[in-house]
Amino acid sequence: MPLTLPVDIDSIKGFLAQDEGETLYQLAAEVAKLGPVLEVGSYCGKSTLYLGSACKLHNNTLFAVDHHRGSEEHQPGEQYHDPELFDAGAGLMDSFRSLRHTLRSADLEQNVVPVVSPSEIAARHWQTPLGMVFIDGGHSEAAAQTDYQSWAKHVVSGGILAIHDIFPNPADGGQAPYNIWKRALNSGLFEALPTVNTLGILRRR
Ligand code: SAH
Ligand code: MG
């Protein structure tokens with residue numbers, strides 16, 4: 001399936017390489033028949049644009065979960081802080097306004113359901129089987145493990161679990177995403193597909 005995005009991907013702030021985004025798009029297109037897609041960590045909508053566009057093409061839905069208050073590294077004074085996304089009135093990060101802008105400009109409002117909530121709270125009453133889950137939320141060990149615990153079990157047989165920021169070598173980056181990738185593999189529930197850049201991919205048996 002050729003990749004056609006409705007807006008310039010470089011105009012959207014975010015943390016996703018092009019090869020990773022294109023892979024997300026292809027995977028979401030492939031699992032459309034199995035169930036809806038859910039991502040944890042939308043930020044301004046870069047991954048959302050790839051996943052949502054694939055969902056739109058196949059009449060599927062993407063649930064885009066993010067509390068929009070930023071991860072550790074997005075807070076004031078931290079490495080990836082963006083003052084344009086800081087809500088001075090609230091004294092908090094707020095990337096939701098930017099996500100809404102992305103969804104509207106890409107005409108994805110009929111295919112993407114933003115869930116503005118901590119991942120753990122959004123998962124509390126979740127029952128819908130999912131064709132694909134993409135985990136790209138908080139990178140503390142606790143946050144990553146909670147995301148795995150909350151969402152991996154909802155991936156249907158044949159469906160995809162994708163995890164961003166996989167760094168097998170600790171010198172290259174934090175280990176929490178890699179640890180849940182290994183947890184998925186060790187669970188026996190998933191088989192690993194080849195990693196694309198830092199995108200870990202597993203298929204539910
Ligand atoms: N996928 C995005 C980047 C996500 S950055 C892209 O393609 O650019 C990580 C995001 O995870 C941040 O927006 C942050 O607010 C969100 N996040 C961190 N911890 C979270 C949690 N516990 N629940 C929900 N969202 C969380
Ligand atoms: Mg990431």
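This report covers the ligand site, the pockets and the cavity of a predicted model.

## Basis

Residues are numbered from 1 along each chain as its sequence is written, and chains are lettered from A and ligands numbered from 1 in the order in which they are written. As the model is predicted, local features need pLDDT of at least 70 and side-chain atom pairs count only at pLDDT 80 or more, while totals for chains, interfaces and linings use all residues; side-chain values use heavy atoms, with hydrogens and water left out.

## Ligand 1

The shell around ligand 1 holds 21 residues, with G41, S47, D66, S119 and D136 the closest (near means that a heavy atom of the residue lies within 4 Å). By class, this shell has 4 nonpolar, 13 polar and 4 charged residues. Ala, Val, Leu, Ile, Met, Phe, Trp, Tyr, Cys and Pro count as nonpolar, Asp, Glu, Lys and Arg as charged, and the others, Gly among them, as polar.

Polar contacts are pairs of N or O atoms within 3.5 Å. An N or O atom in the side chain of D66 is 2.7 Å from an oxygen atom of ligand 1. Backbone atoms also take part: a polar one of G41 is 2.8 Å from a nitrogen atom of the ligand, and an N or O atom of the H67 backbone lies 3.4 Å from a ligand nitrogen. The protein buries 93% of the 580 Å² that ligand 1 exposes when taken alone (Shrake-Rupley method, 1.4 Å probe).

## Pockets

Ligand 1 takes up the space of the largest pocket (more than half of its atoms lie within 2 Å of the grid points). This pocket has about 810 Å³ of space, a volume being the space filled by probe spheres set on points joined across faces, edges and corners.

Its lining numbers 37 residues, and S71, E73, D136, G137 and G138 lie nearest the centre. Two or more lining residues come from each of α2 (46-57), α4 (119-123) and α5 (141-151), with α5 giving the largest share, 3 residues (helices are DSSP runs of H or I, at least four residues). The lining divides into 10 nonpolar, 19 polar and 8 charged residues.

The second largest pocket, of about 150 Å³, is lined by V7, S11, I12, K13, S98, H101, T102 and S105.

## Cavity

A cavity is a set of points where a 1.4 Å probe fits but cannot get out. The count is 1 cavity of 30 Å³ or more. About 40 Å³ lies in the largest cavity, and its lining includes D136, G137 and G138.

Methods
A polar contact is a pair of N or O atoms within 3.5 Å; within protein, one must be able to donate a hydrogen and the other to accept it, and residues adjacent in sequence count only if both atoms are side-chain atoms. On a 1 Å grid over the protein atoms alone, a cavity is a set of points where a 1.4 Å probe fits but cannot get out, and a pocket is an open set with protein on both sides within 12 Å along at least five of seven lines; lining residues have an atom within 4 Å of a point.
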